[in-house]
Amino acid sequence: MRPYLFSLFVIILLITSCENTSKSSTDKDIPYPKEVALVPQVQNLSLASSKFIINKETVLIIDAAYKKEGQYLKQLLETSMRVDLKVATTATKNFIRLESLKAGDPLTPETYALEIDSTNLTIYGADAAGIFRGIQTVRQLLPSAFHQKEQQVAWALPSLSINDSPAFKWRGMLLDCCRHFFSKEVVKQYIDLLAYYKMNVLHWHLTEDQGWRIAIDKYPKLTTIGAWRKGEDGKPYGGFYTKEDIKEIVAYAQERHITIVPEIELPGHSQAAIAAYPHLSCTGAPLEVGTKWGVFKDVYCAGNDSTFQFLEAVLTEVIELFPSEYIHIGGDESPKYRWEHCAKCQKRIKEEQLKDEHELQSYFIQRMATFLESKGKKLIGWDEILEGGLAENAIVQSWRGMDGALAAANQNHYAISSPTSHAYFDYKLDAIDLEKVYSFNPIPKDLSSEKHRFILGGECNMWTERVPNPKVLDQKTFPRLLAMAEVLWSAPQERNYSDFYQRVQAQYPTLDAFGVEYGAETMPIGIEVFTSTESINVKLAKGSLDLELYYTQDGSAPTNGSSKYETVIPIKKNTNLKVQAFKKDKVYGAPIQRTFIKHLANGLVPLLSYQYSSYYTGGGNQAVTNGARGSLNFRDGNWQAVQKVPMEITIDLQEAKTISKLSTAFFQKQDSWIFLPTKVDFLVSNDGKNFKLAGTLKNSISPKKDASFIESFELSLENTTARYVRLKAYNITYCPDWHAAAGSEAWLFIDEFVVE
């Protein structure tokens, strides 16, 4: 080696050595948060001014009862620090200790205490789960860089004292892997995320009309046939979990103190199983695995003993895989159409001295509950299991509001609250945003305090009809899951959403490190329409204060150079309004687009023959005269709907006017039970009492036509002057016999009654 190269090499070694020495010697200079932003918020926290350093000299002292939890913590630290931490029985300083929490009174399961000072970090637990929850708090106290791939030789945590315990025993999330199949890696990732935010139940929805996802040895066709449906491209679509997959996932969850509760749907939502074994249905006719969403009339036959033999055999194998004390059997949305027309089911009703098909469902559920109890398991079902009589010891999961939880608790049955109003994360942000979830209280407001103990907790439901991949799953689940986690763990009596919102912002770097593609907290743009006879007035609202809204009125894409929203936008002609939110001059979220039509009835209050659905109001009493047209999304807020009954709408134009056209538009999506009217009558009058038929438009489009579409009904008039106009649309009334939900009440959706 040449002398100058040798000298350069020595210099580099010296510099490197100095840098390493410097890094080692400046452990005390490692920054740490002076304030903490934990989610869920802990019950009791006292923050000190010093810090504790975790480095290669740190020793782990682990109580024998918490060996698995200690190994979990050791692996987390070593992965981030590239060191092999020592495990010892004693130490005087620089140690992390896991040990039992000493207390005179029995402690709530999962209770933990955390003590951190400059010399040590100790996690005390009421049980192993408590130790594990304490470890998750420690993880959140570490900087987000700890969770990234970059490694560091030392980490610092603030000195503090925490005493913490859960408000509710049941803190769950439902994951539907049937409508769309998710790999075991995705399921495991969600187990990790639930654990990180101190949730403790994964409700795993494994069977549906659109796919059977669990291997059953005795009935192999459940997965060879039932796990696959015809995809949009015509190819088989689906998948299933082998028994080895399930054992792996269950073990993974157990290590993280997450209970997996399997759901095997019955008697409804069973078309995939019937497709595999047609004899399980009332007709025995061959069926395909469901390719659409909704509620289907083909269900398990309640009059056939082979149905119960099948289900008992399936549940026996399920029980062998899942150590949970609970088995969920669904029990929701089970049409009675087939039972009403099935000789075997009618015979069962007579033999068992049942009143009707609702009591037949109760018989079905109670029979399965008795079987599960014989296996040492407890049955959980959706709130429909209350109908016809509740099975002994059954647990009710209330989804159609809170009434199911209230009724169950008043009958001294345990209940889980997961109402569509706050807990359905498949719903869009305009229905359930972060703040709405944070306002959730799992205890029904009318439940007496002595019955509160029957409310086990709550659950957020992630149904996946419109969740085709893990990215959309993340966007819909996060950050809303953080609000549910805090509601169920901390149950804050005085909700401070502003404080919670700021703590959520602090969670995003860690979610980034975890690879979670989270969505927004709320809708970036809100829109309200206030229509007068002079103009259609559009008021916009920002989803958060740091947004700016820009709009166009010709349907073109807005930029931050377009019209900036400052105040109400008056619209006096037909307009295609498009609005985009911007955050720091960057596009934020998706734009919204609305079409408005100016006509003679704008702003007038119509007389309605019907009471519109509280779910689809269209904006209220003036929905059909406010000028806002509906889109291909029937949930966009512009459609007004009724079930079963016809729609009759009468408008007083205030004075006689020349009318050239009467028109309206209806929506059809038959697999959601939404049909066009069979016909539409238009009538006119000058006195409001005697109406003359101006014309009838019959619907020529088949109710079987698939997909979502809008159909206009337009009647041109000549030499017509009238003060009053009337529209009458005739509902198909019930889903036809050919329909998957035959006999169910049909929907009629209207957007506007246009008078020109």
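## Cysteines, helices and a loop

The sulfur of Cys177 lies 7.0 Å from the closest cysteine sulfur, that of Cys178, which is too far for a bond. Keep in mind as you look at it that this is a predicted model. Cys177 is also buried, with a relative accessible area of 0%.

Let's stay with the cysteines for a moment. A disulfide is a covalent bond between the sulfur atoms of two cysteines. What about Cys301, and how far is its sulfur from the closest cysteine sulfur? The partner to look at is Cys282, and the separation is 3.8 Å, again too far for a bond, because a pair of sulfur atoms has to be within 2.5 Å to count as a disulfide. Cys301 is buried, at a relative accessible area of 0%. By this rule, the count of disulfides comes to 0.

Now turn to a pair of helices. Two packed helices are described by the angle between their axes and the distance between the axes. Here the pair is helix 8, residues 305–321, and helix 11, residues 357–374; their axes come within 11 Å and cross at roughly 40°. Helix 8 and helix 11 are therefore oblique to each other, and helix 8 passes helix 11 in a right-handed crossing. Which residues meet at this contact? Helix 8 brings Asp305, Thr307, Phe308, Leu311, Glu312, Leu315, Thr316 and Ile319, while helix 11 brings Tyr363, Phe364, Arg367, Met368, Phe371 and Leu372. If you are tracing the contact along either helix, one general point is handy: an α-helix has 3.6 residues a turn, so residues three or four places apart point the same way.

Is helix 15 enclosed or open? With 10 of its 10 residues buried, helix 15 is largely enclosed by the rest of the structure. Those buried residues include Leu481, Leu482, Val487, Leu488 and Trp489, and also the charged Arg480 and Glu486. Just after helix 15, Ala491 takes a positive phi of about 45°.

Our last stop is a loop. Thr559 sits between strand 22 (548–552) and strand 23 (563–564), and is partly exposed, with a relative accessible area of 41%. Leaving aside residues up to four places away in sequence, Thr559 touches Tyr550 and Phe582. The C-alpha atom of Thr559 is also 9.4 Å from that of Lys586, a residue 27 places away along the chain.

Notes: Residues numbered from 1 in each chain as written. Predicted model: local features only at pLDDT ≥ 70, side-chain atom pairs only at ≥ 80, totals over all residues. Heavy atoms only, no water. Axes fitted to C-alpha atoms, helices over the stretch in contact; angles between N-to-C directions. Helix = DSSP H or I, 4+ residues; strand = E, 2+ residues; numbered from the N terminus. Parallel < 35°, antiparallel > 145°, perpendicular 65-115°, else oblique. Left-handed = near helix turned anticlockwise from the far one by under 90°. Contact = heavy atoms within 4.5 Å. Buried < 20%, exposed > 50% of the residue type's maximum accessible area, 1.4 Å probe, protein only.
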